[in-house]
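I opened the notebook to look up a few things in this structure.

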Amino acid sequence: MSKYFRPWNIDQTLLLPPNVQDFVPKGHVSRFIVELVRESLDLKEITGSYVSGLGQPPFDPRMMVALLLHGYASGLYSSRRIAKACRERNDFVMIVALDPPDFRTISDFRKRHLKALGALFLQVLKLCETAGLVKLGHVALDGTKIKANASKHKAMSYERMKKREAELKAEVARMLAAAEAADAQEDETFGKDKRGDEMPDWAGDKQKRLAKIQQAMAALEADARLAAEEERRIEAEKEQQRQAEGRKKPGNRRRRHRTSLIPSRNATSPIRKAAS
C-alpha cells in the first residue's frame with residue numbers, strides 16, 4: 001500500500017495576506033511585549049530626538065524598542081543575531097511586521113538611545129514583576145514582591161523596594177553591556193559592514209547554483225574514487241606484508257626441517273638395500 005504525504009506547497013501564492021500577529025500563539029511573550037510597549041511606555045525621550053524630516057523615514061521607535069526588549073529577553077544580545085531572527089523566527093518577524101531592520105540599524109539605535117532604553121527596560125521589568133510574572137522570556141522576575149499598602153513595616157517595605165530596584169537596574173545594565181560586547185566582538189571578527197553569514201553571489205541565481213552543486217558533486221565523486229583506490233592499495237600492501245611475515249616465522253622453518261628428515265614410506269632405506 002503506497003504512503004500519502006501532506007502536500008508541501010512551498011511555491012503556492014497566498015490569496016489573502018495573513019495578519020502578522022497570527023505568526024505566533026496568542027499567549028506568546030512577543031505579543032505581550034508588543035502590547036506593553038504600545039500601550040504602557042512613554043517614548044517621548046526617544047521620539048523627540050527625531051527632528052529632521054529629510055531622507056528615508058526611520059523605523060518606528062516603538063517597534064525598535066519592542067524588538068530590542070524581546071531580543072534581550074530571549075537571550076539574543078548580538079545585533080546581527082537579532083537581525084537574523086527578524087528574517088527567520090516567527091516571533092521576531094511578527095514584531096517587525098515583515099520589514100526587518102539590518103543589524104547596523106539595530107546597533108546604532110541602541111547606542112543612540114542607550115540611556116532612555118535603560119530607563120524603559122527597567123520600567124518594563126518592574127511592571128512585569130508587579131503584575132506577577134515569574135519571568136519575562138529568559139529574565140527571571142522572582143524577587144521579593146513589593147506591597148503598595150501602608151503598614152507599620154512601611155520603612156522595611158521601602159528598603160526592600162529600593163533593593164529590588166537596584167537588582168533590576170543591574171539586570172538591565174548587564175543586558176545592555178552584553179549587547180555592546182557582542183556587537184564589538186562581531187564587528188572585529190566580521191567587519192563593521194558584514195553580517196558574517198553572507199552567501200556567495202552564485203547562491204541566489206538558480207542556474208549558477210545548480211552548476212555549482214553539480215561541480216561539487218562531481219568533485220566529491222572523484223574524491224570518493226581516489227579514496228577507494230587508495231584504500232585498495234593500502235589493503236594490498238598490508239596483505240603482502242602479512243604473507244612476507246608468515247614466511248619468515250622460525251616455527252615454519254623448523255617444521256619444514258623435521259619433515260625433510262622423515263623418510264617416505266615408499267622410499268628404500270640403505271639398510272634394506274644392504275640386506276637385500
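The entries below go through a helix, a core, a helix pair and a loop.

**Entry 1: helix H3.** I note that this is a predicted model. I began with H3, which runs over residues 61-73 and has 13 residues. From its first C-alpha to its last I read 18 Å, close to the 18 Å expected at 1.5 Å a residue. Is H3 mostly covered or mostly open? I found it mostly covered, with 12 of its 13 residues buried. Among the buried residues are Pro61, Met63, Met64, Val65, His70 and Gly71. Just after H3 I looked at glycine 75, where phi is positive, about 85 degrees.

**Entry 2: the nonpolar core.** I turned to the largest nonpolar core and found 46 residues in it. Which residues have the most contacts inside this core? They are Val65, Leu67, Leu68, Tyr72, Ile82, Phe121 and Leu136. I then listed the elements that give two or more residues to the core: H1 (29-40), H3, H4 (79-88), H5 (90-96), H6 (103-112), H7 (114-131) and H8 (154-190). H3 gives the largest share, 9 residues.

Leaving aside neighbours within four places in sequence, I see leucine 68 in contact with Ile82, Ile106, Phe109, Arg110, Leu117 and Phe121.

**Entry 3: H1 against H7.** At what angle do H1 and H7 pack? I read about 110 degrees, with the axes 12 Å apart. Angles from 65 to 115 degrees count as roughly perpendicular, so I logged H1 and H7 as roughly perpendicular to each other. H1 passes H7 in a right-handed crossing. On the H1 side I noted Phe32, Leu36 and Ser40; these meet Gln123, Val124, Leu127 and Cys128 in H7. I recalled that an α-helix has 3.6 residues a turn, so residues three or four places apart point the same way.

**Entry 4: the loop between H5 and H6.** Most residues other than glycine have a negative phi. Alanine 97 has a positive phi, near 55 degrees. Alanine 97 sits in the loop between H5 and H6. Leucine 98 lies in the loop between H5 and H6, and its phi is also positive, near 65 degrees.

How do I class their accessibility?

Conventions:
Residues are numbered from 1 along each chain as its sequence is written. This is a predicted model: local features need pLDDT of at least 70, side-chain atom pairs count only at pLDDT 80 or more; totals for chains, interfaces and linings use all residues. Side-chain values use heavy atoms; hydrogens and water are left out. Helices (H or I, at least four residues) and strands (E, at least two) are DSSP runs, numbered from the N terminus. The expected span of a helix is 1.5 Å times one less than its number of residues. Buried means under 20% relative accessible area, exposed over 50%, partly exposed in between (1.4 Å probe, protein chains only). A nonpolar core is a set of buried Ala, Val, Leu, Ile, Met, Phe, Trp, Tyr and Cys residues joined through side-chain atoms within 4.5 Å. Contact means heavy atoms within 4.5 Å. Axes are lines fitted to C-alpha atoms, for helices over the stretch in contact, and angles run from 0 to 180 degrees between N-to-C directions. Angles under 35 degrees count as roughly parallel, over 145 as roughly antiparallel, 65 to 115 as roughly perpendicular and the rest as oblique. A crossing is left-handed if the near helix is turned anticlockwise from the far one by less than a right angle, and right-handed if clockwise.
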